[in-house]
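Here is my note on the model, point by point. Please read it with the structure open beside you.

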Amino acid sequence: MTFNDHLAHLAERALASIPAADAGDIYAVSFLIDNEDDDPRQPTLTIGYNTETQARRSIQNASDQAEARWNYAFWIQNELTVVGDLTSDPGEATARQEWISELGLWYAEPTDRADWDSVIGPLATQIEAQFSQTCSQLARTFHTTGVIERSVGRTVPVIVHEMEYYEAIALQTEAANPPGLADEFISWVRHG
């Protein structure tokens, strides 16, 4: 199974596991991108969601309603799955390394700091960009094929993000969703 197939399979299975009791209250799905052990060669995708109930609960701790709604720090922090986690998804490590190698981006851990800055840093940046693009494309495919609608009961935006928000997060979330669906989140990222 290719890395992309593995990613799609686990992500679809995770979304199908959304409890029916939560589905009607969900307003967004989270595709949280991170790196295991801060290693760009080990990208992970944590899939979760947030509910209207949680957003209302969070208002008292947030600076405003939009922050309570869109800042992941205020979300439920549920993990339907963590694709790429070496503990919960150990079989994925080989497929992920093969995928990065096929992209021509795999590297050995440098022994010289100068190699990190001049060679490894740019490769790490490309791996992160490729993984983010892959996750955005997966979310868009899930919208097209009806996976999101079947899992939640209607179409909701998929927020493709990290723990920090900046223009690239807005762009990849925009690419992940049908036109206009994630506008509220994108506006919050860009304008606060």
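1. Start with strand β1. It is mostly covered, with nine of its 10 residues buried. Buried here means under 20% relative accessible area, exposed means over 50%, and partly exposed is in between (1.4 Å probe, protein chains only). Strands are DSSP runs of E with at least two residues, helices are runs of H or I with at least four, and both are numbered from the N terminus.

2. A word on the source. This is a predicted model, in which local features need pLDDT of at least 70, side-chain atom pairs count only at pLDDT 80 or more, and totals for chains, interfaces and linings use all residues. Residues are numbered from 1 along each chain as its sequence is written, and side-chain values use heavy atoms, with hydrogens and water left out.

3. The sheet is open. Four strands make it up, in the order β3-β2-β1-β4, with mixed pairing. Two strands count as paired if DSSP finds at least two bridges between them. β3 (81–83) and β4 (158–161) are the edge strands; each has a single partner strand, so one side of each lacks a neighbour in the sheet. From one strand to the next, the twist averages 20°.

4. Now the pairings. β1 (residues 26–35) runs parallel to β4, over four bridges. There, Phe-31 has Val-160 in β4 as its bridge partner. β1 and β2 are antiparallel, over nine bridges. Asp-34 is bridged to Thr-44 in β2, and Ile-33 stands opposite Leu-45 in β2. β2 and β3 are also paired in the antiparallel sense, over three bridges. In that pair, Leu-45 has Val-83 of β3 as its bridge partner.

5. How many of the residues of β2 are buried? Nine of nine. In a regular strand, side chains alternate between the two faces of the sheet. Both faces of β2 are covered. Pro-43, Leu-45, Ile-47, Tyr-49 and Thr-51 are buried on one side. Thr-44, Thr-46, Gly-48 and Asn-50 are buried on the other.

6. Which strands does helix α6 touch? Helix α6 (residues 113–145) packs on the sheet and touches β1, β2 (43–51) and β4. Its direction makes about 155° with that of β1. Axes are lines fitted to C-alpha atoms, for helices over the stretch in contact, and angles run from 0 to 180 degrees between N-to-C directions. Contact means heavy atoms within 4.5 Å.

7. Helix α8 (residues 167–176) also deserves a look. It lies across β1 and β4, at about 145° to β4. Its buried residues are Ile-169, Ala-170, Gln-172, Thr-173 and Ala-176. An α-helix has 3.6 residues a turn, so residues three or four places apart point the same way. The buried residues of α8 pack against β1, α6, β4 and α9 (183–191).

8. Last, the whole chain. It holds nine helices and four strands, in the pattern α-α-β-β-α-α-β-α-α-α-β-α-α along the sequence. Buried residues make up 48% of the 192. Of the contacts with a separation of 6 or more, 65% join residues 24 or more positions apart.
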